[in-house]
Amino acid sequence: MAIIGGNNGIILTTVEEVLSWGRRNSLWPVSIGLACCAIEMMHTAASRFDTDRMGIIFRGSPRQSDVLIVAGTVVNKVAPMLKLIYDQMPDPKWVISMGGCSSGGGPFPTYSTLQGVDRIIPVDVYVPGCPPTPQALLWGILQLQKKIKAKQEGRELKEIPVRTPTASFPIKG
Amino acid sequence: MELLAVTIGIVIKSLIFIIGMFLLAAYLTLVERKFAGHVQQRPGPLHVGFHGLLQPIADALKVLTKEDIVPNFVDKKLFYLASLMAFVPAIMILAVIPFGEPIKLFGLEIKPYISDVNVALILALAFGSISIYGVIFAGWASNSKYPMIGGLRKAAVLIGYEVALGFALVGPIMLAGSFSLREIVEAQQGFFGAFIWYQPLAFVVYLFSVLAETGRTPFDVQEAEAELVAGYNTEYSGMKFGLFPLAEWYIATFVLSALAVILFFGGWNGPHIFGALSPYIWFLTKLFLVFMFLLWVHWTLPRYRVDQITEIAWKVMLPLTFLNIFITAGIVILKG
């Protein structure tokens, strides 16, 4: 976005920029929870942390949502259903992998658990934690917004957090 | 020549009403989300624009540019038709709703309504009943079990409450002696002339019916998220989905609140303390209060079961309206 001639009220922008702004400010996740991470996800949406501040409301139907938050252990039995839900979502769509289990199997290196949800669907943001705190999930959502913006600007965003936010170390800025 | 001028005038006025209603409905979503947030002790949309003022624009941009999925197994014609059938009748009611008295501006007489027909109330009810087809079509055409159940539930609720709504409106009509919404407003002069003082029973039934027709909480069985995925619009994506909540939750609620103001709260009557604008200010203030009351009910109460809803409609609301009609008729005959 470019502002011409100081403060005389002309703002130049492109369609892509406006659309990317609209998309990153109205990310609607599917309400699907797989394990204990789902409790933290619900907590993020509830009164204390309130994702609606950023325009994020949970939709029931995958046809109407933009983000799939994989919240919990993906066992082999639920993996096909998760893939189906991902396929049912309309483009553009993003995936947040929440917690150690969905990012890489977590504490379950067993025959019945999928070792990382990125084996079946592409993942945009990995949120570490077991389970991640609501602060951490909010951090993940903010990272996703940054990533959408960076993609529109032709950059690539690959940030590795020094320390994920927790209750005692909240996000700064 | 005169006919041409009238036609152009009506076209321009309709465009203003439709575009205005679109923008208003978009911002009513923000009003509802803010209100819901504060009811639940959270701020609601806050970071997109000043206190979320740009949130509806972001949502609209996103929904409009979303991929539009039409599943393979749906009945394509009905699938497309359903979202229009839900949306168009809701906005068509605006054609008969007066927002004030005609005013003189630059020598032109400007009427703040599209048409003043003498059967306006019946037309409004008829348009309201057409929108039931949108819901049934959406449920049927999706060819999927949750939309089907949601559509049938909504149809059951609508059929029950349409009857009660129609009979509830008989009371104000008998008192005013007219179907024209303008004449009904003119029949209510003064603070104690408003029909709410004479028709409290009809007003209660009307409120219940509005909540049921617009699918708000005590009666929102059609998209009970815990049971049905998203109700009858589960298979819809993009703007085809966007039209359903826009029509049902915002435009229909707005229009039915306007009817409530006209029928029970004396429309634009009020003390002339704002000069020439006072009828509009009174009308919009009352409308906003009724709308906020409906939101308040929505975000406070839990949900009825399906069987309880139809039971209330047929066993409580309908007899109440009959009682109201008999009492009103008796009083009208006695007073002459």
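**Figure 1. Contacts across the sequence of chain B.** Among contacts in chain B between residues at least 6 apart in sequence, 76% join residues at least 24 apart. Two residues are in contact if their C-beta atoms, placed from the backbone, lie within 7 Å. This is a predicted model, in which local features need pLDDT of at least 70 and side-chain atom pairs count only at pLDDT 80 or more, while totals for chains, interfaces and linings use all residues. Residues are numbered from 1 along each chain as its sequence is written, and chains are lettered from A and ligands numbered from 1 in the order in which they are written. The mean pLDDT of chain B is 85, with 98% of its residues at 70 or more. Here pLDDT is the predictor's confidence in each residue, from 0 to 100. The model scores ipTM 0.79 and pTM 0.85.

**Figure 2. The fold of chain B.** Chain B holds eleven helices and two strands. Helices (H or I, at least four residues) and strands (E, at least two) are DSSP runs, numbered from the N terminus. Along the sequence the pattern is α-α-α-β-β-α-α-α-α-α-α-α-α. The radius of gyration of chain B is 21 Å, close to the 20 Å that the globule rule gives for 336 residues, so chain B is as compact as a globular protein of that length. The radius is taken over C-alpha atoms, and the rule is 2.2 Å times the number of residues to the power 0.38. Along the principal axes, the C-alpha atoms of chain B fill a box of roughly 60 × 50 × 45 Å. Of the 336 residues in chain B, 44% are buried. A residue is buried if 20 or more other C-beta atoms lie within 10 Å of its own, exposed if 12 or fewer, and partly exposed in between, with C-beta atoms placed from the backbone.

**Figure 3. The largest nonpolar core.** This core has 80 residues, and Ala86(B), Ala247(B), Ile251(B), Val255(B) and Ala260(B) touch the most other members. Helix 9 of chain B gives the most to this core, with 19 residues. A nonpolar core is a set of buried Ala, Val, Leu, Ile, Met, Phe, Trp, Tyr and Cys residues joined through C-beta atoms within 7 Å. Not counting residues up to four places away in sequence, Val255(B) touches Ala90(B), Ile93(B), Leu94(B) and Ile97(B). Another core, of 33 residues, lies apart from the largest one; among its members are Ile56(A), Ile96(A), Val127(A) and Ile148(A). In soluble globular proteins, nonpolar side chains tend to be buried together.

**Figure 4. Helix 10 of chain B and its cover.** The 21 residues of helix 10 (residues 278–298) should span 30 Å at 1.5 Å a residue, and the end C-alpha atoms are 30 Å apart, which agrees. The expected span is 1.5 Å times one less than the number of residues. Buried residues in helix 10 include Trp282(B), Phe283(B), Leu287(B) and Phe291(B). Their cover includes helix 1, helix 8 (200–213) and helix 9 (238–264) of chain B.

Figure 5. Val261(B) is in helix 9 of chain B. Val261(B) is buried, with 25 other C-beta atoms within 10 Å. Leaving aside neighbours within four places in sequence, Val261(B) contacts Gly267(B), Phe283(B), Lys286(B), Leu287(B) and Val290(B). Glu213(B) is in helix 8 of chain B. Glu213(B) is buried too, with 23 other C-beta atoms within 10 Å. With the neighbours within four places in sequence left aside, Glu213(B) contacts Gly128(B), Leu158(B), Tyr161(B), Ala252(B) and Leu256(B).

**Figure 6. Backbone exceptions in loops.** Most residues other than glycine have a negative phi, and most peptide bonds are trans. In chain A, a cis peptide bond joins Asp91(A) and Pro92(A), with omega about -10°. Pro92(A) is in the loop between helix 3 (79–88) and strand 4 (94–98) of chain A. A cis peptide bond also joins Cys130(A) and Pro131(A), with omega about -15°. In chain B, His51(B) is not a glycine, yet its phi is positive, near 50°. His51(B) is partly exposed, with 14 other C-beta atoms within 10 Å. Asn143(B), also not a glycine, has a positive phi of about 55°. Asn143(B) is in the loop between helix 4 (120–141) and helix 5 (145–168) of chain B.

**Figure 7. The contact between chains A and B.** Chain A brings 20 residues to the contact and chain B brings 29 residues.
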